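Hi,

Here is the structure I promised to pass on.

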Amino acid sequence: MAHHRQPIMTLTAEQTTTLPFPIGCPVWYANVSSNNEGTEAPILKRGTVVSVTLVDKSSPWVYTIEHREGEEVVSDDVLESGVCFSDNCPVLVFRKKFSRVDPPLNDSKDEGIVMFGVISLKGENRYTVMIPNKDSPETRFEENVEEGRLMFRKPPQEILAGNGEEEDQVQANRKRARGRPT
């Protein structure tokens, strides 16, 4: 579903935080193509949201999503209805659906990871989410979670870039080692 009209407005990363799929969110997205029988079948691609725009006041948000094809980075413009959370996407799981305009950030919620989703072309996507217990080795799985109960959460920086806590520890060890005789 590519859209090539000139956007009215492109949101900043901060402005996208209350949208279902903010900048940086890993997603699956649908491109509709015809198969041999002539019926429409979704072809899903996995990518990351890099931009969100409003094309006109009467249409939904258009997400620009990048994915790799070999060495090449490719971007597609997709309507919100063609986007869903990717597997391994870090999310907050709220007890009930909420308004994106005023998310209940102080309400009870769990940190989870999307394991997989059931993609709906006619309704709301649903997911199975793994919710680790921070205080024990136990993990629970919640099935059939409505998309309206999930919000993307950025994982800790050290997981994203591989240069966070581990790199800090390496630097700290180097500083300590400088003062020691070898």
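Predicted model: local features only at pLDDT ≥ 70, side-chain atom pairs only at ≥ 80, totals over all residues.

Is Cys 25 buried or exposed? Cys 25 has 0% relative accessibility, so it counts as buried (buried means under 20% relative accessible area, exposed over 50%, partly exposed in between, with a 1.4 Å probe and protein chains only). Cys 89 is buried too, also at 0% relative accessibility.

Residues are numbered from 1 along each chain as its sequence is written, and side-chain values use heavy atoms, with hydrogens and water left out.

Back to the cysteines. A disulfide is taken here as a pair of cysteine sulfur atoms within 2.5 Å, and the count by that rule is zero.

Now the fold. The protein chain has 11 strands and two helices (DSSP runs numbered from the N terminus: helices are H or I with at least four residues, strands are E with at least two). Along the sequence the order is β-β-β-β-β-β-β-β-β-β-β-α-α. Of its 182 residues, 35% are buried. Among contacts (heavy atoms within 4.5 Å) with a separation of 6 or more, 48% join residues 24 or more positions apart.

The largest nonpolar core has 24 residues, and Phe 85 and Leu 150 have the most contacts inside it. A core here is a set of buried Ala, Val, Leu, Ile, Met, Phe, Trp, Tyr and Cys residues joined through side-chain atoms within 4.5 Å. Strands that each supply at least two of its residues include S2 (26–34), S3 (40–54), S9 (126–132) and S11. Leaving out residues up to four places away in sequence, Phe 85 touches, among others, Cys 25, Trp 28, Tyr 127, Glu 147 and Leu 150.

Glu 147 is one to click on. It lies in the loop between strand S10 (139–146) and strand S11 (150–152), and is buried at 13% relative accessible area. The Glu 147 side chain makes a polar contact with the side chain of Asn 125 at 3.1 Å (a pair of N or O atoms within 3.5 Å; within protein, one must be able to donate a hydrogen and the other to accept it, and residues adjacent in sequence count only if both atoms are side-chain atoms). Beyond four places in sequence, the contacts of Glu 147 include Phe 21, Phe 85 and Arg 100.

Two asparagines have positive phi: Asn 88, near 70°, in the loop between S6 and S7, and Asn 144, near 60°, in strand S10. Asn 88 is exposed at 51% relative accessibility, and Asn 144 is exposed with a relative accessible area of 51%.

Finally, confidence. Mean pLDDT (the predictor's confidence in each residue, from 0 to 100) is 78 for the protein chain, with 74% of residues at 70 or more. It is highest in S9, at 95, and lowest in helix H1 (residues 157–161), at a mean of 43. Residues 158–167 have pLDDT below 50, with six contacts beyond near neighbours in sequence. Residues 169–182 are also under 50, and the model has one contact for them beyond four places in sequence.

Cheers
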